Amino acid sequence: MQLTADGKLKHFLTVEGLPPLLLEEILDRAQQFVSLPNKAQVQAPLLRGKTVMNLFFENSTRTRTTFELAAKRLSADLINLDIRNSATTKGESLLDTIRNLEAMGCDMFVVRHPSSGAANFIARYCAPHISVLNAGDGKHAHPTQAMLDMLTIRQQKGDFTPLKIAIVGDIKHSRVARSQIHALTTLCAGEIRLIAPKTLIPEGIEKMGVSLYTEIEEGIKDVDVVIMLRLQHERMKSALLPSVREYYARYGLTEERLKLAKPDAIVMHPGPVNRGVEIDSHVADGPQSVILQQVTNGIAVRMAVMSMVIGTRAQGDDA
Ligand code: NCD
């Protein structure tokens with residue numbers, strides 16, 4: 001559903017199933033936006049006259065703001081819909097809200113929603129000229145986050161094929177981890193390791209071609225990239241951990257543990273970071289951390305994706 005008949009990106013709902021060339025196109029375009037000398041001068045008018053609506057049904061700092069900056073740098077008109085003060089809290093259905101926003105002349109929806117599948121639903125039922133970008137739906141997918149992570153890895157390490165990458169923490173509730181695994185697999189990363197207590201590893205995930213570790217000391221050995229995840233308490237239906245203190249004792253990324261990875265390993269985190277829960281402050285702020293580079297790359301990746309989906313529309317293909 002997210003590709004046009006000739007294979008161009010129409011919506012960006014998930015990384016799963018997208019061809020490697022398309023992921024590379026996103027990275028290459030994003031890198032061009034990163035490399036532009038003066039960011040204030042970018043203002044590439046690729047979205048001039050277009051209206052982008054941010055529909056965030058869940059809290060967000062980085063994702064919402066970087067989508068907003070990306071739209072503005074491409075000269076779009078940007079509306080941040082304040083869902084908490086919108087009519088959806090008065091019982092209006094999601095589809096009715098969408099129809100009304102369409103009637104105002106919207107070209108692109110950026111959607112974050114607590115339910116898995118919400119962005120796909122909107123893409124299926126919105127007007128054919130509109131593109132939908134998934135900014136995180138439940139536990140399902142967060143494709144632009146995965147791509148900004150891939151851009152950061154590529155900037156730091158170059159080729160994906162020799163890399164050993166560890167994803168550590170609450171894999172079970174993480175849409176970020178799922179999208180990262182799809183992206184890394186598509187880009188032919190050497191080895192993907194998941195490190196977590198058994199209660200935070202979703203059943204059957206090894207089918208995605210990853211190896212599983214329950215001890216961080218073992219899993220982190222000789223890796224090139226360590227991706228830390230937050231404990232997503234808001235998505236846990238029952239207590240899956242004895243205590244946060246015990247979790248930190250067994251899985252927290254400390255300076256000692258980081259020494260087990262390659263000496264030039266990079267440390268990543270999609271944010272928000274919970275210091276002293278999944279990561280020590282010294283590591284989060286240390287020389288191997290690229291956490292803020294990830295945030296910066298978020299703008300370029302979102303500019304890339306926005307310009308690609310609008311490009312497909314310009315060719316008049318609304319498949
Ligand atoms: C992530 C998310 O919302 O899925 N954060 C983000 O988009 N930067 C991860 C999280 O909430 O832990």
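A polar side-chain atom of Thr63 lies 3.0 Å from an oxygen atom of the ligand, a polar contact being a pair of N or O atoms within 3.5 Å. This is a predicted model, in which local features need pLDDT of at least 70 and side-chain atom pairs count only at pLDDT 80 or more, while totals for chains, interfaces and linings use all residues. Residues are numbered from 1 along each chain as its sequence is written, and side-chain values use heavy atoms, with hydrogens and water left out.

**The ligand and its surroundings**

- The residues around the ligand, which have a heavy atom within 4 Å of it, include Arg62, Arg112, Gln145, Arg175, Val176, Arg230, Gln232, Gly271 and Pro272.

**The largest pocket**

- The largest pocket has a volume of about 390 Å³; on a 1 Å grid over the protein atoms alone, a pocket is an open set of points with protein on both sides within 12 Å along at least five of seven lines, and a volume is the space filled by probe spheres set on the points.
- Its lining, made of residues with an atom within 4 Å of a point, has 21 residues, and Arg112, Arg175, Arg230, Gly271 and Pro272 lie nearest the centre of the pocket.
- Helices H2 and H6 (175-186) are the elements that give two or more residues to this lining, helices being DSSP runs of H or I with at least four residues and strands runs of E with at least two.
- The lining of the largest pocket divides into 4 nonpolar, 10 polar and 7 charged residues, where Asp, Glu, Lys and Arg count as charged and Gly is among the polar ones.
- Because domain 1 (20-141 + 296-312) and domain 2 (143-293) both give residues to its lining, the largest pocket lies between them; the domain bounds come from an automatic or database assignment.

**The cavity**

- A search of the whole structure finds 1 cavity of 30 Å³ or more, a cavity being a set of points where a 1.4 Å probe fits but cannot get out, and about 60 Å³ of space lies in the largest cavity.
- Helix H11 (291-314) gives the most to the lining of this cavity, with 4 residues.
- Domain 1 and domain 2 each supply at least three residues to the lining of the largest cavity.

**Backbone details**

- The peptide bond from Gly271 to Pro272 is cis, with omega near -5 degrees, and Pro272 lies in the loop between strand S9 (266-268) and helix H10 (281-284).
- Ser75, in the loop between H2 and strand S2 (77-81), has phi near 70 degrees, a positive value in a residue other than glycine.

Technical notes
A polar contact is a pair of N or O atoms within 3.5 Å; within protein, one must be able to donate a hydrogen and the other to accept it, and residues adjacent in sequence count only if both atoms are side-chain atoms.
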